[in-house]
Amino acid sequence: MPKIVVALAVLFAILYVAVIAEQSPATGGGGWRTTTFGSAINDPGSFLRVLLDSITFAGALFIVASGFALIFGLMRVVNMAHGSFYLLGGYIAYEIQQTMTGQGFSIPSSEVNTWDWLVPLLVAVPCIAVVGFVTQQAFLRWNQGQELRQALITIAIAVIIADQIIAHFPRSVSTGAQRLGGNAVDLTWPGWTDRLVDLHVWGVYYSLARLVMLAIGLAIGIGLWLWLYRTKTGMVIRAGVDDQKMTAALGINIQRTFAISFVVGSALAGLGSVVWASQGNIASGQDAQWLLNSLVVVIVGGMGSIFGAAAGAILYAFVLDFSGSYLPTAGADCCTQYSPIFTFILIALVLAFRPRGLFGRDG
Amino acid sequence: MVSLAQTALFGIAGVIIGNLATKGGAGGTSKGLHLGWDPTVALVVAVVMTTVIGLIFGAVAARSAGIYFLMITLTFSVIATYTLGQVTNISGFSGIGGISSYTPGWIGDVLAHPDRLYYVALAVAAAVYLLIRYIVRTPFGLSLQGVRDDPVRMASLGYHVPLHRTLAFGFAAFIASLGGILYVWWSGQISPGNVDLPETINLLIMAVIGGLFRIEGAWLGAFVFIVIQNYVRDFSVPGLGFGGTLFGGSFNTIVGIIFLVIVLASPGGLMGAWDRIVAEIARRRGLMRTADESAAGAGN
């Protein structure tokens, strides 16, 4: 019975996007059928654009959330500082990009060459990896197995990092209101990505930068898969996810594996940050947003599996982007966004049938 | 189990009463539906609605336990914050203001008689404490403790574990709604900023500083937290930042460090440390008494 209700609700949502919705009239409010773009049949180009938006956003989501899932799956550590690592990575990359280009607060994309983007990335990611390593070795290692205590420790670290970011970043802005205080700054994609690609489908032109973002997400996904399923370290990690004590009893140095996966997980937060901050911006307060993103992806997708992280990222990105574009627009009330409510519904539906997430296993 | 959704439920109650009780019009810039209900009716409805939302939250989270439960309730909390912020016709990021003008007649104008609200808050706090003490001893409370200590055994004894968790969540939501309503009557405004992640974490920090496993810990933790807040506010540490709460760099860093030290040193918080000291003194006394007795015995 509940399954039928859910199936009908999902079917209705799909039908709504596909045919029921209609474009809002030039004037006046409109009814329950009016959305920004109208139905997919009516305006396939916009539909494709929203679809691509969700898939490319899922790429960035996956990078950040797979790091969270890796740490959680193996060590049962809910790294509450994941969002703070994300934020710190973005600001470090911004400072380096500023130093390299010397362009002041906002850099035009044409002034940024590939190295001006790649070097900040290659510096920021190891920095966050080191922060993760220190966190794990200094605070978490000797509390192994005390899940709540570890979560509280990472919360304390998150509070400290968030506050120190406000006190010290962005620092390379020489003057004005943007300096310090954790203000919003933009990382910039290299100039060659700043153009629209003709997809030759329904006359859609799409941002190359977002496609690059998706490619990076895919590359990380394939890399993680190869690492976890085709190398010895990966095998040990998967064994540790299934049964930590047994793995240690077989004489495998599980502490070393823990350290490695915490470092990789943290580094992924930094990498995701550089990628997504180049698309949007980076600002104090996004640590909460990205901690939420990682949590939702892991709760929906299932604990400790990269397939889960990928499925969770795609579903969550779909819910966010489609509820933003395909919900009825209510007349004068321009700015209402119901996407958080739909995120909650997504979680509730998944947990109702699979309490451990889509790809989660019992145990 | 630790729920991080309490702050959200607190805020939801505040927003509901803000929507129900306030009236729009003259110079009112604040958001909300301005339904202009009678404050006492709004109070009851807000408590009931928040409890229902709490039950829904509980039902979704009830099949998970331990650290999963923490993650899921944290997610609820952050989602609630963004919902309040982005659904502009009930709240929006600026929130609802001027609620303190719409208190029930038996509290009256909060600015003119602040003492009435104070005594009401005190009475509610005492009543909630007694209610919890009472519930803990009822069969329901006992089975809740059973669910906490060993859910598998409780399930095999025929107790419906998720149902108990859901009901406990609803009860906690009821308490949170009282807190939320008292808060908006006192401060007059509620906004997503009151219930966002830093606020949730502050509440958790209070609970942990005081001690998670004792009801008294909540009071002690809140007290210590406010004392730290008041004394550290104007204090800046060289190298950590330039001081002041607005620009960061001192207060939250210091609270974070204190929190970290407490978590690392005493997982039971200050109450836990106190219990350990008491136990240690009792043990020493016991040792002394045995020593006296054996000395006396040797004397005979």
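Reader: What pattern does chain B follow when read along the sequence?

Author: In this predicted model, chain B reads α-α-α-α-α-α-α-α-α-α-α along its sequence, and the tally is 11 helices and zero strands.

Reader: And how many of its contacts are between residues 24 or more positions apart?

Author: Counting the contacts in chain B with a separation of 6 or more, 70% are between residues 24 or more positions apart.

Reader: What share of the residues counts as buried?

Author: Chain B has 300 residues, and 44% of them count as buried.

Reader: Changing topic, into which domains is chain B divided?

Author: There is domain 1, covering 6-195, and domain 2, covering 197-300. Where they meet, 12 residues of domain 1 of chain B are in contact with seven residues of domain 2 of chain B.

Reader: How much area do the two domains bury between them?

Author: Domain 1 and domain 2 of chain B bury about 770 Å² between them, and 72% of that is on carbon and sulfur atoms.

Reader: Which elements of domain 1 give two or more residues to the side that touches domain 2?

Author: In chain B those elements are helix H1 (6-21), helix H3 (66-86) and helix H4 (114-137), and H4(B) gives the most, with four residues. By type, the residues on this side of domain 1 of chain B are six nonpolar, five polar and one charged.

Reader: How many salt bridges are there between the two domains, then?

Author: The count between domain 1 and domain 2 of chain B is zero salt bridges, while one residue pair is found in polar contact across their interface.

How values were computed
Residues are numbered from 1 along each chain as its sequence is written. Chains are lettered from A and ligands numbered from 1 in the order in which they are written. This is a predicted model: local features need pLDDT of at least 70, side-chain atom pairs count only at pLDDT 80 or more; totals for chains, interfaces and linings use all residues. Side-chain values use heavy atoms; hydrogens and water are left out. Domain bounds come from an automatic or database domain assignment. Contact means heavy atoms within 4.5 Å. Buried area is the accessible area (1.4 Å probe) that two parts lose on being put together, summed over both. A salt bridge is a side-chain nitrogen of Lys or Arg within 4 Å of a carboxyl oxygen of Asp or Glu. A polar contact is a pair of N or O atoms within 3.5 Å; within protein, one must be able to donate a hydrogen and the other to accept it, and residues adjacent in sequence count only if both atoms are side-chain atoms. Ala, Val, Leu, Ile, Met, Phe, Trp, Tyr, Cys and Pro count as nonpolar, Asp, Glu, Lys and Arg as charged, and the others, Gly among them, as polar. Buried means under 20% relative accessible area, exposed over 50%, partly exposed in between (1.4 Å probe, protein chains only).
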